[in-house]
Amino acid sequence: MTSKIESALREAADRLPDPPDPAGAVSALAERASAEGMLDVAYATVDSPLGPLMVAGTPRGLVRLSYSQFRDDEAVLSDLARRVSPRVLEAPARVDRVRRELDEYFEGHRTKFELPIDWTLTRGFTTEVLRATAAVGFGHTTTYSEVARTAGSPRAVRAAGNSLGSNPMPIVVPCHRVLRTGGGLGGYTGGLERKEFLLRLEGAII
Amino acid sequence: MNLPPFQALLDEHRVDVFRFCVASAGPDEADDCFQETWIAALRAYPKLRRTDNLRAWLFRIAQNKAIDLHRGRSRRPVAVEALPESVSAPDERPSNGEPELWAEVRRLPTKQRTAVFCRSVLGMPYSELAQLLESSEDAARRNVFEGLKKLKEEWNP
């Protein structure tokens, strides 16, 4: 049973003002959090020809990039909260540099990413494989076995494939440049059509 | 134990927290109350050991920030209004939905004020309200009851 005063309160609450301009208030919060060293993970969605990308950075650099249509943003953010820090805030201004470099790359004006990378999410052999991959230049390709060899374990070809599949920063760490020996495309997190798109963009395939 | 991304908490509760700030700190202090609440929450967040009472935890912070701001305000000298040469500007703030009612709510003792808002407006269960107020469920129930009783007596629309 609801008393008259309770209904009055509920009705009055519905007419209370909303928080000040959502984006404005939230970005003010993110800026202040950043100034006080509490913005551990800043993220935003960036548009691209491959669909929306979720990009996340720490004060050290880019830590995660994912295809929103392929991997649920919520799951990716929960994973970041668990593995990096729960202080995760949407802060588009904090990922401006990533957005700019990605835009330039997709427009064909950039052949090398220069933004700093935070390797927190990778360990051991995977880090070695991804670093070897990061050294493969724009428009070039390599093979799973070549990457395994550069990473120091020539026989761990399958493991190298798994490492590439778990790449937390596709596009920027160009796992799309790694193909099967003999020229087969292999696999890609985000779907093979995206791998093909990137290789075509770079002129590596026609 | 996995804490959700802080942004999820912000998205879920920002409107309610802001309304609570307007109701308990007043429309002029609401923006500050809102910012201070979220900054304090962000500061303490990684050390939280439970995730089943996040809303109660958050509103306890908001309650305390509203008290701080209220105290700070009563100590601060009040600025003298501009010379009354021109006609005073119309109030530019959006409607506060029954400002007199919220003024009455603000006159309630802290626990009753929080209890009335969280129960009547947010429909918070008594078990959660008890966590927020750091009291027993019976005490939480009494705070709601006493608060509503006073409002009934004081408020005449």
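This briefing covers a predicted model with chains A and B. Chain A is assigned two domains, domain 1 (19-106) and domain 2 (124-201). Chain B meets chain A through 34 of its residues.

**The sheet of chain A**

- Strands of a sheet pair through backbone hydrogen bonds, in either a parallel or an antiparallel sense.

**Strands β1 and β2 of chain A**

- Strand β1 (residues 41-46) of chain A runs antiparallel to β2(A), and five bridges join the two.
- Within this pair, A:Tyr43 stands opposite A:Ala56 in β2(A).
- β1(A) and β2(A) form a hairpin, with six residues between them.
- In that turn, A:Gly51 has a positive phi of about 95°.
- β2(A) is mostly covered, with five of its six residues buried.

**Strands β2 and β3 of chain A**

- Strand β2 (residues 53-58) of chain A also pairs with β3(A), again in the antiparallel sense, over six bridges.
- A:Val55 faces A:Leu65 of β3(A) across this pairing, standing opposite that residue.
- The hairpin that joins β2(A) to β3(A) passes through two residues.
- Six of the seven residues of β3(A) are buried, so this strand is largely enclosed by the rest of the structure.

**Helix α7 of chain A**

- Helix α7 of chain A spans residues 157-165.
- Its buried residues are A:Ala160, A:Gly161, A:Ser163 and A:Leu164.
- Seen down the axis of α7(A), these buried residues fall within an arc of 160°, so they line one face of the helix.
- Their cover includes two helices of chain A, α5 (124-134) and α6 (144-150).
- Strand β6 (178-179) of chain A is also part of what covers the buried residues of α7(A).

**The two domains of chain A**

- The centres of domain 1 and domain 2 of chain A, taken over C-alpha atoms, are separated by 25 Å.
- Where the domains touch, seven residues of domain 1 of chain A are in contact with nine residues of domain 2 of chain A.
- The domain 1 side of this contact has six nonpolar residues, one charged residue and no polar ones.

**Where chain B touches chain A**

- In this contact, 34 residues of chain B meet 32 residues of chain A.
- Five helices of chain B give two or more residues each to its side: α1 (6-25), α2 (30-44), α4 (99-107), α5 (110-121) and α7 (137-154).
- The largest share of the chain B side, nine residues, comes from α1(B).
- By class, the chain B side divides into 21 nonpolar, seven polar and six charged residues.

Definitions and conventions
Residues numbered from 1 in each chain as written. Predicted model: local features only at pLDDT ≥ 70, side-chain atom pairs only at ≥ 80, totals over all residues. Buried ≥ 20, exposed ≤ 12 C-beta atoms within 10 Å, placed from the backbone. Helix = DSSP H or I, 4+ residues; strand = E, 2+ residues; numbered from the N terminus. Arc of directions from axis to C-beta. Nonpolar A, V, L, I, M, F, W, Y, C, P; charged D, E, K, R; others polar. Pairing = 2+ DSSP bridges. Domains from an automatic or database assignment.
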